[in-house]
Amino acid sequence: MATPIRSIIRAATKDANSPYNVLMLLDPNNLDFISNLASTNNNFYFLGKVNDAKWNNPDIPKPENCFVLDCDDIPSHIDFDLVLCSNKGFFQFLKSLCDFWHLPLVVLEQETIQDEYKITNQHEWSVLRTFQGDVNVFLSQEIRDSWGQMGYVIEENNPSFCDAWDNIFQEASKLVYVRM
């Protein structure tokens, strides 16, 4: 099992040119985005048993640097650099992993929140607004504006998509010391 000390040592000793090990949940409805993200040449590990998700889309082959972990425990031989949350429904679960292992949390928001939702679901809206990571990323300026939060905007069709995500991963991985 990974430990907080191993997370801290990994952050301090990681070679600048080696890929980041990113832990996240697999969203079968978002395989296009995940494939684009895999173009950064970092390693992406998906906790498959948490939400029973599989990479079963023959039109979108699973990149070689994406690994679905179908086990009950986190493998002890992998030192993770950060956690990426792309679904706020799993925010609290992933946040607790980050707190335990002293890992930074990057929250990706892909959906515009509608004003009607904010009005009719005021309590849920006030809770969702608190679900922020150490680094927050939005797929468009419109999405960021709808949430009214600070964070980076990285559009998927931007030619610098991979470089921008590498910068996010680099920034986030340096935040591990904040949790000591």
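**View A. Lys95 and Asp99 in helix α4.** Lys95 and Asp99 are both residues of helix α4, four residues apart, about one turn of the helix; helices (H or I, at least four residues) and strands (E, at least two) are DSSP runs, numbered from the N terminus. The two form a salt bridge, with the closest N and O atoms 3.0 Å apart. A salt bridge here is a side-chain nitrogen of Lys or Arg within 4 Å of a carboxyl oxygen of Asp or Glu. Lys95 is partly exposed at a relative accessible area of 26%, and Asp99 is partly exposed at 39%. Buried means under 20% relative accessible area, exposed over 50%, and partly exposed in between (1.4 Å probe, protein chains only). The model is predicted: local features need pLDDT of at least 70 and side-chain atom pairs count only at pLDDT 80 or more, while totals for chains, interfaces and linings use all residues. Residues are numbered from 1 along each chain as its sequence is written, and side-chain values use heavy atoms, with hydrogens and water left out.

**View B. Asp115 and Lys118 in helix α5.** The salt-bridge count by this rule is three. One of them joins Asp115 to Lys118, with 3.5 Å between the closest N and O atoms. Both residues lie in helix α5 (residues 115-120), three residues apart, about one turn of the helix. Asp115 is exposed, with a relative accessible area of 53%.

**View C. Lys88 and Glu109.** Lys88 forms a salt bridge with Glu109, the closest N and O atoms lying 3.3 Å apart. This pair links distant parts of the chain: Lys88 is in the loop between β4 and α4 (91-101), and Glu109 is in strand β5, 21 residues apart. Lys88 is buried at a relative accessible area of 12%, and Glu109 is buried at 8%.

View D. Seven strands form an open sheet in the order β3-β2-β1-β4-β5-β6-β7, with parallel pairing. Strands β3 and β7 (152-153) are the edges, each pairing on one side only. Two strands pair if DSSP finds at least two bridges between them; β4 and β5 pair in the parallel sense over three bridges. Val83 has Leu105 in β5 as its bridge partner. Helix α8 packs on the sheet, touching β1 (21-24), β2, β4, β5, β6 (135-138) and β7, and its direction makes about 165 degrees with that of β6. Axes are lines fitted to C-alpha atoms, for helices over the stretch in contact, and angles run from 0 to 180 degrees between N-to-C directions.

View E. Six of the eight residues of α2 (residues 31-38) are buried: Leu31, Phe33, Ile34, Ser35, Leu37 and Ala38. Their cover includes β2 (43-47), β3, β4 (82-85), β5 (105-109) and α8 (161-173). Leaving aside neighbours within four places in sequence, Phe44 is in contact (heavy atoms within 4.5 Å) with residues including Leu37, Ala38, Asn65 and Phe169.

**View F. Asn65 in its loop.** Asn65 is found in the loop between α3 (48-51) and β3 (66-69). Asn65 is buried, with a relative accessible area of 13%. Beyond its neighbours within four places in sequence, Asn65 is in contact with Ala38, Asn41, Asn42, Asn43 and Phe44.
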